[in-house]
Amino acid sequence: MPKIKILPHEELCPNGAEIEATVGKSVCENLLNSSIDIEHACELSCACTTCHVIFREGFDSLNESTDDEEDLLDKAWGLEPKSRLSCQTIVDEHDLTIEIPKYTINMVSENHPKKENKNSDMEKTLTKKDFSLSDSALSHISSLLKQNNSSGVRVSVKTSGCSGYAYDLSYVEIAEKDDYVLNIEDVNLYISKESFIFLKGTKIDYVKKGLNSELIFINPNISAKCGCGESFSVDQNLFQQA
Ligand code: FES
């Protein structure tokens, strides 16, 4: 039986692991069958990047990747030359060594059950240097929260559009495990650890454009924006520094 060695991962297997793998099953299935709870937001259907792994040994023995996998991989966090989506790599008789990247971007996380929720002990309070709002953005968000009877807003980055990522704002009442939190007057902002990598140092402003007004993100981490302004990309070095 081939073996899969998993290098230590802070949350999924802090001491590393070695499992006996089933030939013909994907690396992702083998990990999940051995209680290594790798993200698999699209349920192994090659529609997200959350099962991304890097092969430290055995890469050349793997089945070839499809165009769909290659396209998705471009959006994965911490992409390396020997990256693959673990749900698309089938185990044969060769041993493998893999590294599970520290972060994922979870494009369908709304449909994926969360393991643990609501642990305010894990919150990290941000300062205005980490993330800030202009006076006009603060007053606009504050009035939106009042209109919606909500006390907080989640700021997220999701995979989207032609340039890779887009911002998302949603109303929330309470922090989730590992959230970063910023309290400004009556506005509570929550940012997941994964999204904060993209957002560190960002300021939100609220500006007038012709007859309309909108929230804009002044984000120092962006490397390019798409023509319509809806999505953006970042330098891959950002993930190495995280
Ligand atoms: S689980 Fe979504 S691409 Fe593998």
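These are my notebook entries on a predicted model.

**Ground rules.** I'm numbering residues from 1 along each chain as its sequence is written. Since the model is predicted, I take local features only at pLDDT of at least 70 and side-chain atom pairs only at pLDDT 80 or more, while totals for chains, interfaces and linings use all residues. Helices (H or I, at least four residues) and strands (E, at least two) are DSSP runs, numbered from the N terminus.

I get an open sheet of 5 strands, ordered 2-1-5-3-4, with mixed pairing; two strands pair if DSSP finds at least two bridges between them. Strand 2 and strand 4 (83-85) are the edge strands, and each has a single partner, so one side of each has no neighbour in the sheet. From one strand to the next the twist averages 35 degrees (axes are lines fitted to C-alpha atoms, and angles run from 0 to 180 degrees between N-to-C directions). I then checked strand 1 (residues 3-6) against strand 5 (residues 96-99): they run parallel over 3 bridges. Ile4 sits opposite Leu96 in strand 5.

**Ala21.** This one is in the loop between strand 2 (17-20) and helix 1 (27-33). Buried or exposed? Ala21 is buried, because 24 other C-beta atoms lie within 10 Å; the cut-offs are 20 or more for buried, 12 or fewer for exposed and partly exposed in between, with C-beta atoms placed from the backbone. Leaving out residues up to four places away in sequence, I find Ala21 touching Met1, Pro2, Lys3, Ile4, Asn30 and Val91 (contact means C-beta atoms, placed from the backbone, within 7 Å). I also noted Glu93: 72 residues from Ala21 in sequence, but 9.1 Å from it in space, C-alpha to C-alpha.

**The cores.** A nonpolar core here is a set of buried Ala, Val, Leu, Ile, Met, Phe, Trp, Tyr and Cys residues joined through C-beta atoms within 7 Å. Which members of the largest core touch the most others? Out of its 22 residues, they are Phe131, Leu189, Ile191 and Leu199. Helix 4 gives the most to this core, with 4 residues. Skipping residues up to four places away in sequence, Phe131 touches Leu126, Leu182, Leu189, Ile191, Leu199 and Thr202. Another core lies apart from it, with 19 residues, including Cys28, Ile54, Leu72 and Cys87.

**Helix 3.** I checked the span of residues 135-147: the 13 residues reach 18 Å from first C-alpha to last, close to the expected 18 Å (1.5 Å times one less than the number of residues). Just after helix 3, Asn149 has a positive phi of about 50 degrees.

Terms used: Contact = placed C-beta atoms within 7 Å.
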